[in-house]
Amino acid sequence: METIATSTKEQLLYSLETSIVSSIDHLHPEISASAKETLKALEFPSTRQEEWKYSRTTRISSESWEVRKSSATYDISSFRIKDIDADEIVFINGFFCPDLSTVRNNGAISVLPFSQLDGQLKQQALNNIGSETSRHNSFFTALNTAYCTDGIFFFVQKNTVVHRPIHFLFLQEGERTLAMPRISGIVGSGSKMHIVTSYGSLDQKKAWNNAVIEITIEQNASLTFDKVQLEGDQNFSIINEFFRQHKDSRFSISTLTVDGGWVRNNLNIFLDGTHCESHLNGFYLPRGNQHIDNHTLVDHLLPHCESNELYKGVIYDRGKAVFNGKVFVRPDAQKTNAYQNNANIMMSDDATVNTKPELEIYADDVKCSHGTTTGRFDESALFYLRARGLGEESARKMLSSAFIGEVLNKVDNQFVRMYVQDILTTRGLWV
Amino acid sequence: MLTIKNLYSTIDSKQILRGLNLEVKPGEVHAIMGPNGSGKSTLASVLAGREEYEVTDGEIAFNGKNLLELAPEDRAREGIFLAFQYPVEIPGVSNINFLKAALNEIRNYQGKEQISAKDFLKLVNEKSKLVELDGQLTNRSVNEGFSGGEKKRNEIFQMAMLEPKLAILDETDSGLDIDALRIVANGVNAMRSPERSFIVITHYQRLLDYIVPDFVHVLYKGRIVKSGSKELALDLEAKGYDWIKEEEVTQ
Ligand SMILES: Nc1ncnc2c1ncn2[C@@H]1O[C@H](COP(=O)(O)OP(=O)(O)OP(=O)(O)O)[C@@H](O)[C@H]1O
Ligand SMILES: [Mg+2]
């Protein structure tokens with residue numbers, strides 16, 4: 001067993017080493033070199049590790065993957081969000097596609113590929129990348145750092161309201177492609193912006209996406225972040241997100257996992273200033289054989305911060321859901337308010353969910369609560385609706401729409417909400 | 001319209017209905033009274049098709065159809081409406097969206113075309129006025145945070161929207177203040193017609209002053225033990241149930 005695992009890891013690293021130079025190298029070759037050292041020391045994650053207990057990675061490690069720029073032309077219009085008037089930044093197979101993107105740089109906001117960074121911006125990007133992820137020795141984050149296919153850095157000057165949302169589209173096509181895109185960004189102090197990320201497959205072929213998103217939210221800044229996951233049944237998707245919040249900042253993230261064969265979201269939030277506010281919402285709807293895993297970390301480092309987490313799942317067929325919610329309240333983080341809730345509805349006897357809240361509290365003057373529920377629909381509600389003439393299917397759909405609607409309604413931007421609602425409707429998951 | 005013969009029903013293997021008979025003809029209003037726990041709500045639930053209640057014997061025919069073979073939604077589509085004694089709160093399901101979907105599924109079943117958004121709104125306006133239901137309430141989640149009385153009014157509002165052939169009102173009067181009682185009763189009376197029948201379950205004569213029944217039945221220990229005209233309700237109001245219980249014992 002041991003040797004097979006090692007050799008798979010080494011095969012993967014060898015093939016990446018010979019096919020790609022990390023786009024982070026443009027900033028400083030030291031960063032990827034040190035990530036490669038980290039990778040040498042780490043095992044390819046497996047269910048033997050607590051963090052990966054419920055999510056089998058052998059289906060990834062047993063496959064041979066290829067980093068490949070797309071040469072095909074695809075119609076990506078279904079991934080554009082109607083009427084939102086966003087700047088769109090398109091990645092296909094982990095490579096930035098300038099022709100498909102609209103990037104409007106101006107004095108207040110800069111959005112540039114790593115390869116075009118220069119001078120002060122380059123220095124800022126370097127700091128941002130070095131500071132966030134070097135603290136996390138996770139295999140997949142290190143893998144992205146070592147072999148990043150393409151990256152975008154954005155910088156919002158202080159006291160800027162960015163009116164137009166930025167929509168990052170991460171799409172994939174072709175058999176067995178591996179994409180390792182990266183977004184690194186800084187929301188300057190007193191600024192406000194809205195980011196949307198969406199993930200999808202252009203041809204439903206087998207693909208692996210290993211993305212890193214790292215964003216610093218400076219003092220008194222505000223970031224709203226919507227994440228729409230629409231990948232195919234053949235996709236493996238590992239998304240490693242790091243958000244660091246400074247004093248008085250506000251952050252709100254919605255993780256809407258509509259589809260994905262095998263998804264692992266690693267969402268990490270660091271409340272690294274006083275009086276920060278953080279909201280995490282999410283829903284997941286595994287159907288067929290889909291496997292959706294959400295690992296979240298909310299790390300309260302300093303006092304007077306509040307975090308609010310709500311994740312809801314409806315699990316159909318043989319679908320599997322994993323929720324692991326870590327909340328750390330460090331010794332300095334007095335007067336913390338931290339709330340977490342995870343609720344699941346099982347739609348079939350074969351559906352499974354593993355849910356685990358992990359609260360580690362090292363300060364004494366705090367208010368923290370967590371709760372998880374897993375069950376079926378309230379029979380009396382179902383009967384009430386049916387007794388009024390609604391068919392059983394529509395009644396269930398109505399109840400599940402209401403259930404995840406609580407999460408969807410927290411999405412501020414109406415165009416994102418409509419976009420997701422329309423997709424849910426065509427998938428027969430929304431009424 | 002509705003014929004119940006020798007109905008036996010259990011819940012959690014507890015015998016509740018024990019040989020119940022009832023015949024309701026078009027246009028009639030039947031009041032059912034009886035002590036707590038005698039099986040009135042059970043009868044209502046069995047008629048509406050609640051699956052927890054097992055029917056172990058007997059038959060129910062509704063307009064020539066075997067009701068017991070129909071799913072709850074099909075019973076509603078055939079024209080049965082139950083106003084619940086305890087209406088359920090359903091957070092996140094909009095009263096109005098749900099009602100529109102229900103109405104359209106009923107219409108679809110009946111071979112009618114879907115109601116237009118405009119006609120639907122007109123209907124909502126008209127019917128919510130009928131029971132003086134606050135327009136705000138129609139837009140909220142089903143019964144969520146409604147007061148007891150508001151829930152009951154919402155039931156009657158839904159009944160008015162769906163225009164059933166047979167409406168079963170399970171203690172719709174309980175929890176209503178005096179004005180609301182009159183409003184709800186007027187709403188019901190406005191819907192009375194030679195084709196539409198009502199089964200009104202109540203503990204109080206007061207409601208029957210407004211909704212005058214053609215027949216009054218006493219349900220006791222799972223059977224209808226006494227039937228009469230509206231005067232029976234007055235007797236019960238004056239004397240309680242003891243004399244009926246005694247009659248049962250002596251028989
Ligand atoms: N889910 C249940 N499980 C066990 N027993 C039940 C259940 N539902 C009802 N019962 C029992 O069945 C009997 C009849 O109940 P039912 O609600 O039909 O009475 P009712 O005549 O409507 O009374 P009330 O006037 O108080 O509304 C009661 O003894 C009640 O406890
Ligand atoms: Mg009752």
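How much space lies in the largest cavity? The largest cavity holds about 30 Å³ of space. This is a predicted model, in which local features need pLDDT of at least 70, side-chain atom pairs count only at pLDDT 80 or more, and totals for chains, interfaces and linings use all residues. Residues are numbered from 1 along each chain as its sequence is written, chains are lettered from A and ligands numbered from 1 in the order in which they are written, and side-chain values use heavy atoms, with hydrogens and water left out.

View 1. An oxygen atom of ligand 1 lies 2.8 Å from a side-chain N or O atom of B:K40. A polar backbone atom of B:G39 is 3.0 Å from an oxygen atom of the ligand, and a side-chain N or O atom of B:D12 is 3.4 Å from a nitrogen atom of the ligand.

**View 2. The shell around ligand 1 (residues with a heavy atom within 4 Å).** Ligand 1 is surrounded by 16 residues, the closest being B:G37, B:K40, B:S41, B:T42 and B:H203. Helix 1 of chain B contributes the most, with three residues (helices are DSSP runs of H or I, at least four residues).

View 3. The lining includes A:F91, A:F170, A:L171 and A:N209. Strand 5 of chain A, residues 166-172, gives the most, with three residues (strands are DSSP runs of E, at least two residues).

Notes:
A polar contact is a pair of N or O atoms within 3.5 Å; within protein, one must be able to donate a hydrogen and the other to accept it, and residues adjacent in sequence count only if both atoms are side-chain atoms. On a 1 Å grid over the protein atoms alone, a cavity is a set of points where a 1.4 Å probe fits but cannot get out, and a pocket is an open set with protein on both sides within 12 Å along at least five of seven lines; lining residues have an atom within 4 Å of a point. Grid points are joined across faces, edges and corners, and a volume is the space filled by probe spheres set on the points.
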